Amino acid sequence: MVQILHLGDCHFDDAYYLNRPERKRLLDECREEALRAAVETAVDRQVDLFVWAGDLLDGERRISLKTRSMLEQALSDLEGAKVEMAWMTGNHDPKSYLEAQSLDQLLEAHGVHLFDGKVREVMLKARNGMPYKLVGSGHEERGLVENRVRTYPVKADGVLTIGLLHGSVQGSALTGGGAGKGEDAELPSGLEPGELYFPCTKADLTRLRYDLICLGHVHVPYKIEMSGAAAFYAGSLTGLSHKEAGVHGAWLHTLGYGAVKSRFLELSTLEWKTVQIAVTPELSLTQFVELVQTKTETQIANPGLTPYLERFDNGSLVRSRSGADELSISNQRSRLMLRLSISGVNDTILTAIRHDPETLRDRIGNAVNAAEVEIRSDMVPERVLELQRTGDTFAAHLNTCLEDPEFMANLWAAYAQRALTFEAERPGIEDDNGFRTGLSDEDSEAQLLKEALHDLWPRWMQPSRRMGGDQA
């Protein structure tokens with residue numbers, strides 16, 4: 001058997017949230033904790049291979065001394081525990097970036113198998129002596145758009161083979177595309193068309209017949225559903241924004257001849273969650289906070305990951321009482337980043353949002369144990385809704401009246417009566433020479449019609465008329 005710990009897309013030294021220092025501090029702290037937990041897990045479990053699946057570094061800036069030191073410690077710990085390491089370059093940290101930062105030399109010094117260009121193969125042995133092969137490639141520069149998977153060799157009979165790829169597997173979305181969309185048109189979950197690097201299809205992967213394919217680039221962790229190959233996106237080690245909701249961490253794969261057992265280890269204590277709340281006028285502020293708490297606790301992002309999930313407590317493995325080599329589900333110390341999207345009508349809640357948002361955020365944060373609460377609202381005041389209802393009622397009644405021959409006859413009579421006296425009283429505007437000029441025919445007719453409706457409408461709005469009775 002071969003054990004592999006597979007993570008990716010850490011994006012260390014990114015430029016996210018430079019204008020929000022508290023959020024950036026929390027993100028960096030959680031990301032570093034998650035990496036330490038991943039390394040400790042690999043050492044503790046004596047895994048055979050640690051896969052870095054690309055974009056470990058964001059590549060927009062020089063690597064910081066802090067990140068370099070953290071990376072050196074991780075590599076040293078893994079090397080000391082005799083864990084083999086494979087590193088793929090990604091679209092953010094391609095070969096050119098590693099060389100400019102002298103990171104290629106660091107990786108070589110710690111015996112890392114570097115996949116930073118064309119396809120290469122590496123034969124290794126597990127701790128129990130079982131041979132296995134790595135086949136992979138990487139990004140030399142940013143913006144690699146060729147389908148290099150088609151140059152990967154097909155698995156040789158009898159050799160356990162692990163494929164490595166940082167790119168976009170089209171047709172691998174969590175939910176299928178619309179009717180008529182072919183595999184080539186469907187993007188992986190979380191990707192936009194402009195992020196389609198190193199593209200391939202599920203058919204390309206199936207053709208290889210590999211025992212396992214470790215993927216990076218997509219920030220949502222999930223298994224690609226397809227026959228003939230077991231392929232997994234590691235997702236981002238820690239979610240980077242509200243677009244990356246749900247659990248994050250690393251995959252732990254156990255690989256044997258003809259069988260793969262995979263578990264997802266929830267290593268990150270940072271969780272981004274967006275909750276939709278629809279309020280009604282009778283809801284009190286206390287009831288609203290309770291509703292937020294209930295929805296926050298019960299909402300599950302990426303439910304397809306649940307069957308594979310194993311959790312950690314404060315970055316340490318939680319062993320079962322029997323001491324078995326299993327992880328038990330446990331409450332963890334989490335940092336919840338909550339975004340509320342509120343709709344509906346409730347003046348009490350709307351007043352709190354507009355006039356005392358800090359107190360409301362604190363109250364919700366305490367109820368759900370959130371590190372940050374962001375409130376977005378498209379609520380409207382109750383009086384506005386009432387005006388809308390009144391307008392809808394008026395429009396409906398007017399349409400009914402316009403279809404009534406009696407109403408139209410009365411309207412024409414009122415219009416004609418008004419027209420007889422209109423010319424004598426016709427309003428005008430003095431021009432530059434002091435002469436009065438009349439309104440246009442279109443304006444005159446519109447004004448006459450308004451006045452005719454004004455004369456007629458009170459009689460037709462009486463209850464007896466609306467109920468279908470005789471005119472009073």
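Me: Which residue of strand 18 is the bridge partner of Arg-339?
Reply: The partner of Arg-339 is Glu-374 in strand 18. This is a predicted model, in which local features need pLDDT of at least 70, side-chain atom pairs count only at pLDDT 80 or more, and totals for chains, interfaces and linings use all residues. Residues are numbered from 1 along each chain as its sequence is written, and side-chain values use heavy atoms, with hydrogens and water left out.

Me: How many bridges join strand 17 to strand 18?
Reply: Seven bridges connect strand 17 (residues 335-344) with strand 18, and the two run parallel. Strands here are DSSP runs of E with at least two residues, and helices are runs of H or I with at least four, numbered from the N terminus.

Me: And what order do the strands of the open sheet take?
Reply: The order is 15-17-18, with parallel pairing; two strands pair if DSSP finds at least two bridges between them.

Me: Which are the edge strands?
Reply: Strand 15 (270-279) and strand 18 (370-377) are the edges, each pairing on one side only.

Me: Which strands does helix 1 touch?
Reply: Helix 1 packs on the sheet and touches strand 15, strand 17 and strand 18, where contact means heavy atoms within 4.5 Å.

Me: Changing topic, how do the axes of helix 1 and helix 2 cross?
Reply: The axes of helix 1 (residues 21-45) and helix 2 (residues 65-80) come within 9 Å and cross at roughly 10°. Axes are lines fitted to C-alpha atoms, for helices over the stretch in contact, and angles run from 0 to 180 degrees between N-to-C directions.
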